[in-house]
Amino acid sequence: MVSPFLFWFVAVITVIPSLALLFARKAVHVAMAVVLVMVGLAVAYVALEAPFLGVVQIVVYTGAVMMLFLFVLMLVGVDQRESLRETIAGQRWIALVLSIGVAALLISVVDRAGFGEPAVAKTGGPAEVAPYLFGNYVLVVETLGFLLITAAIGALVLTHVPRLFPRRTQREVQAARVAAGANPVNKTFPGVYATHNALDAPALDPEGNPIEESVSRVLKVRHQTTDGIEFKDENRSRRRELGAKEGDA
Amino acid sequence: MSPINFVYLASVLFAIGAAAVLLRRNAIVAFMGVELMLNAANLTLVAFSRMHGVLEGQIMAFFVMVVAAAEVVVGLAIIIAVFRSRQTISLDEPTELKG
């Protein structure tokens, strides 16, 4: 017999999180809720004298399957928005009515069927399950091995993307750039001054005029640059002359 | 408390999974609904196995788990392949097979 407390505990931690499948907006929240459902089902298996299956449930479902779901969620982007536009009119209500109907049908069928008193429990530990898996059902286990290999190869084939063009090396990219007429030399760096060394101030050319292309294009679009005129040194040429004279002397 | 209560619980879970498949547009969430339905079926197998005092139901549930794991691998690979070509995982988008 199963203790009523255990049953209601399992019922609460499976049914309530599974409602997240219907109401949670974000797919990651749904995945975490389903992980909780799987743990609850593992508890149910242990309560139903199937400890081996309970452990397999934890390992396969919460450990492998749901983590695979989370990986795929991260691959496709966790904030993929779900469109709420109905493509079939009234689909939401039809679906709700249908699923409530399925629940009512299943529950009434189980209710009408007569079951005798439960037989003496047979615990399904690893030692009890093994003779079945590798005795009566060994052919099924072998077939499942083939199925798993086929699935793994299928996943590889489905997610493999062949390269359409040969990979371009850095040298080829640079050669193409020069052939297209680009300046092979780097652009001037932004100005570095005693009072201001951020990227938004343009460098000054030998005449003292700002070089516009030394500032990042992005900053220019955002109007976050300074014009650089304030750093222009009016007396530079005179000072240079004086310095030259001192050097001579 | 009789193990038959777990069969009622499995019925409710199956209905919730079916509703998720019918309602949700996100392919991954709909797929999790399929997983929930498979698990509900597993729960009935284990509950009936307990009621009859035999282990065959548990063996059957184990096989269902293995098949479900293989199915998840291929299904998620298909979702990734669709996402690569269309940049979306909404179930409404791929309509090329429409008659």
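Guide: Helix α1 (residues 4-18) of chain A packs with helix α1 (residues 4-23) of chain B at an angle of about 5 degrees, and their axes are 10 Å apart. Helices here are DSSP runs of H or I with at least four residues, numbered from the N terminus. Axes are lines fitted to C-alpha atoms over the stretch in contact, and angles run from 0 to 180 degrees between N-to-C directions.

Visitor: Is α1(A) parallel or antiparallel to α1(B)?
Guide: α1(A) and α1(B) are roughly parallel to each other, a label for angles under 35 degrees.

Visitor: Which residues make the contact?
Guide: A:F7, A:A11, A:T14, A:V15 and A:S18 of α1(A), and B:N5, B:L9, B:V12, B:L13 and B:I16 of α1(B). In contact means that the C-beta atoms, placed from the backbone, lie within 7 Å. By class there are seven nonpolar, three polar and no charged residues; Ala, Val, Leu, Ile, Met, Phe, Trp, Tyr, Cys and Pro count as nonpolar, Asp, Glu, Lys and Arg as charged, and the others, Gly among them, as polar.

Visitor: Before I go on, what kind of model is this, and how is it numbered?
Guide: This is a predicted model, where local features need pLDDT of at least 70 and side-chain atom pairs count only at pLDDT 80 or more, while totals for chains, interfaces and linings use all residues. Residues are numbered from 1 along each chain as its sequence is written, with chains lettered from A and ligands numbered from 1 in the order in which they are written.

Visitor: OK, how many residues of chain A are in contact with chain B?
Guide: 73 residues of chain A are in contact with 62 residues of chain B. The chain A side has 58 nonpolar, 10 polar and five charged residues.

Visitor: And how do α7(A) and α3(B) cross?
Guide: Their axes come within 9 Å and cross at roughly 10 degrees, so α7(A) and α3(B) are also roughly parallel to each other. Among the residues that meet are A:L144, A:L148 and A:T159 in α7(A) and B:F63, B:A77 and B:A81 in α3(B). That contact has 18 nonpolar, two polar and no charged residues.

Visitor: What does A:T159 touch?
Guide: Leaving aside its neighbours within four places in sequence, A:T159 is in contact with B:A77, B:I80 and B:A81. A:T159 has 15 C-beta neighbours inside 10 Å, so it counts as partly exposed. The cut-offs are 20 or more other C-beta atoms within 10 Å for buried, 12 or fewer for exposed, and partly exposed in between.

Visitor: Switching topic: how many residues are in the largest nonpolar core?
Guide: It has 69 residues, and B:A10, B:I28 and B:M32 are among those with the most contacts inside it. The largest share, 15 residues, comes from α2(B). A nonpolar core is a set of buried Ala, Val, Leu, Ile, Met, Phe, Trp, Tyr and Cys residues joined through C-beta atoms within 7 Å.

Visitor: What does B:I28 touch?
Guide: Not counting residues up to four places away in sequence, B:I28 touches A:A27, A:F69, A:V72, A:L73, B:I79 and B:I89.

Key:
Helices (H or I, at least four residues) and strands (E, at least two) are DSSP runs, numbered from the N terminus. Angles under 35 degrees count as roughly parallel, over 145 as roughly antiparallel, 65 to 115 as roughly perpendicular and the rest as oblique. Two residues are in contact if their C-beta atoms, placed from the backbone, lie within 7 Å.
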